[in-house]
Amino acid sequence: MLSDSEAAELLSFLSPGMRADVKAQATEYFLGLSGHRDGCRFLRSKPDILAGLFALTSDISIAIVKDCYFIFINLSADETLHQVLVGDVKVLPGLLKNLIDPEFMFSDQICTILSNLTRHEKTCKTVFKVIQEEVGLAQVVEIFCTEGYNKNAKLHYLGPLLSNLTQLPEARNYILDKDRCVVQRLLSFTQFQASVVRRGGVIGTLRNCCFDHAHHEWLLSDAVDILPFLLLPLAGPEELTEEENDGLPVDLQYLPEDKKREEDPDIRKMLLETLLLLTATKAGRQTLKDKNVYPIMREFHNWEKDIHVTAACEKLVQVLIGDEPEEGMENLMELEIPEDVEEKLKVADAKEEQELEKEQERLRQEEEEEKKKKSDAEGTDKEQEDGLVR
Amino acid sequence: MTPVCHSLYKIYKQHNNPSNLYFDPKMASSGAQYESDDGMDEFMDKFKTQRYKNAFPEEGWEEPLKRLTPKKYPELACLQAIIHDEDRPPEEQAKSLKDEGNEYFKEKNYQKAILSYTAGLKKKCGDQELDTVLLTNRAAAHFYLGNMRSALNDAAAAKKIKPDHLKALIRGAQCCIELRIFAEAMQWCDEGLKAHPTDKKLLELRAAADKHKRAAERDARKVKAKEKKLHGQKETLLAAIQDRGIKLLQSVKPPRRGSDSEDEDKGSSAAISQLSLDDLSSQEVTGAQVFLDEQGSLHWPVLFLYPEHQQSDFISAFCENTS
């Protein structure tokens, strides 16, 4: 890596008063460095260089600013740098200030950085704290939900940011505040076609929020009505019987012939997990049964090809059509599981995962063989043709 | 007493009350004032038992009231001058008119309230707070009269002056819901919640508007689905008729373009679009029509004519397979 004197020299090239071409060359160099792990680790030990680079995000040359933002995106992707970025360089206040500026050109890059910084709990807590101090989570949600807030940026990565933040109970409590309208504003984005990042972020947020079963009743009530928004991406154009149709939530009735299901299997799996979470309480189970979730799942099961997603679907269906648990065990989240049972369950889970992997491998191999057979066949055809020509 | 009488009486009392001197301090000591006070009370008490002979009719009071002009009745001119003294600053005048409107509003006399508020706004007093209240109150009066569009316009005008005025925001949302423009209702609620994030009424209205909006969307989908089904049935029927090589007589169709023609232009093949099922439906009360049954056989309404016997026979559903 660089020697101390070389590092010091490069640092001097970053000072704002330097000539533009010198600054540009230096930032380009650091951008290259940040592109791989050793470079990042090196920079971790040089907080003054990082501070210099961060200062250049206010430079008048857009090219330099852009490079600097990409450097920080790379750096924030490495978990070991989070502490120095947030603690020593103190990037957060500056980033947040620019985020709420509707004219700012690099807001998408800011969102990506913030999303990276919130992946792990420790830094996530710090980020949440600073957000509350500087701009308030309310404003972040507002910006996210306002279409066209920033004409230079799409702000889709605020989705994963919110999803990451909701790993903290404080953030969940804010989103699920009954006296405000926060979670309701996120619901329509479960079908936002234009961005899988935004869609996934919102659904991840909802999934995290459903871990608190105390809120389930409110979430399923008319005040929020979360259920249709979770089911719509999983529902298809198949026609159901009149009886099944009448029991469905309003949004799922008379879906057009061209209705498409969610394309991303990971998102489909998240939706099913969220629904499964909502079956934890007796009231939740009853609501899902009453609203005819089962027929939707039945059609979905017929359509789904991915085995991991199918497994998640089957788990949900089991709860929907299975018997009610005995008294005292009705809230599945509040059960006390004895240690030996827990061990057995862990082993069973691991085994299931293994079997799914095997199944997936088998299917893959089958596909390969099919492909091979096809190309072999085509090869022989070609030989015959060639033979004829000769 | 009507509000106008009441306010006139109040002013009369005020001007004649010794402790509330306005005009001439000297009059305070004159005993005559006390007498005329009592006289007024007695005079007014009469109306509790006696019916006023020259009262305006309950229905159609507008006409006689119009004839009660200041020109013909100088007393009225005096009184009006006192209340609506043009020398008073416009804010004061507007405020009196607002109070007057509010009085009418309390009595549920929304038409008169609207007139007062309108007059208050005409003063253009420059007090934005007051104008916002006048507009919001007028919106409320229109709302209770069922004039949703006017109410919405007034609420919007109030919102323009003061974008965070809670009552205007609530009223606007309510009007949109009544007008069934639910997406706009939600916009009003969202704007309101930006300034007042915890207002219960706004939260309630938003949830209601959302529910209605989604129900309306479902209804639209239902209609479309039924139309499509019906159209599909018609197409299969026409195809079955065409398959059998039956030509349908095309009557000279009047230039009206009913939904039939539109659907057919969109989806059907050119051949089918030349046929029309309208001509096949009977003009009879029975309303018998050609239909295709589950086994794929056509049933026709048939009219038998027996000219020799001067008789006719009508069979509403003659299956094509019967001999």
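Trainee: Let's begin with the overall picture. How many helices and strands does chain A have?

Mentor: Chain A has 22 helices and 0 strands. Its C-alpha atoms fill a box of roughly 85 × 75 × 50 Å along the principal axes. Keep in mind that this is a predicted model.

Trainee: What share of chain A is buried?

Mentor: Buried residues make up 46% of the 390 residues in chain A. The accessible surface of chain A comes to about 20,700 Å², and 50% of that belongs to carbon and sulfur atoms. As for contacts between residues at least 6 apart in sequence, 70% of those in chain A join residues at least 24 apart.

Trainee: Can we look at one such pairing? What separates the C-alpha atoms of A:Pro47 and A:Val84?

Mentor: They are 37 residues apart along the chain, and their C-alpha atoms are separated by 6.9 Å. A:Pro47 belongs to helix α4, residues 47-55 of chain A. Leaving aside neighbours within four places in sequence, A:Pro47 is in contact with A:Val84, A:Asp88 and A:Val89.

Trainee: Is A:Pro47 buried, exposed or partly exposed?

Mentor: Buried means under 20% relative accessible area and exposed means over 50%, with partly exposed in between. A:Pro47 has 33% relative accessibility, so it counts as partly exposed.

Trainee: Where is A:Asn98, and which residues does it touch?

Mentor: A:Asn98 sits in helix α7, residues 92-99 of chain A. Not counting residues up to four places away in sequence, A:Asn98 touches A:Tyr69, A:Phe104, A:Ser107 and A:Ile110. With A:Tyr69 there is also a polar contact of 3.4 Å between the side chains.

Trainee: Now backbone angles. What should I expect of phi?

Mentor: Most residues other than glycine have a negative phi. A:Lys90 isn't a glycine, yet its phi is positive, about 50°. A:Lys90 lies in the loop between α6 (82-88) and α7 of chain A, and it is exposed because its relative accessible area is 54%. A:Tyr254 is another non-glycine residue with a positive phi, about 55°. You'll find A:Tyr254 in the loop between α17 (242-247) and α18 (265-278) of chain A.

Trainee: What about B:Asp210 and B:Arg214: are they buried or exposed?

Mentor: B:Asp210 is buried, and so is B:Arg214. Their side chains meet in a salt bridge of 3.0 Å, N to O. Both lie in helix α11 (residues 200-243) of chain B, 4 residues apart, which is about one turn of the helix. Together with A:Asp225 and A:Asp251, they are linked in a network of salt bridges.

Trainee: And nonpolar side chains on the surface? Which residues form a nonpolar patch?

Mentor: B:Phe56, B:Leu65, B:Leu68 and B:Tyr73 form one, with about 320 Å² of accessible area together. B:Phe56 is in the loop between α2 (32-49) and α3 (62-67) of chain B, and it is partly exposed because its relative accessible area is 35%.

Trainee: Last one: which features does UniProt place on these chains?

Mentor: Among them, an unreviewed UniProt entry places "domain: Protein HGH1 N-terminal" at residues 99-269 of chain A. That stretch is 53% helix and 0% strand, with its end C-alpha atoms 31 Å apart. For chain B, an unreviewed UniProt entry places "domain: Cns1/TTC4 wheel" at residues 293-322. There the chain is 0% helix and 60% strand, and the end C-alpha atoms are 14 Å apart.

Key
Residues are numbered from 1 along each chain as its sequence is written. Chains are lettered from A and ligands numbered from 1 in the order in which they are written. This is a predicted model: local features need pLDDT of at least 70, side-chain atom pairs count only at pLDDT 80 or more; totals for chains, interfaces and linings use all residues. Side-chain values use heavy atoms; hydrogens and water are left out. Helices (H or I, at least four residues) and strands (E, at least two) are DSSP runs, numbered from the N terminus. A polar contact is a pair of N or O atoms within 3.5 Å; within protein, one must be able to donate a hydrogen and the other to accept it, and residues adjacent in sequence count only if both atoms are side-chain atoms. Contact means heavy atoms within 4.5 Å. UniProt positions are given in the numbering used here, feature names are shortened, and annotations may be inferred rather than shown by experiment. Patches are made of residues with over 30% relative accessible area and no salt bridge: like charges are joined within 9 Å, nonpolar side chains (Val, Leu, Ile, Met, Phe, Trp, Tyr) within 5 Å. Accessible areas come from the Shrake-Rupley method with a 1.4 Å probe; for residues, only the protein chains shown count as cover. A salt bridge is a side-chain nitrogen of Lys or Arg within 4 Å of a carboxyl oxygen of Asp or Glu. Buried means under 20% relative accessible area, exposed over 50%, partly exposed in between (1.4 Å probe, protein chains only).
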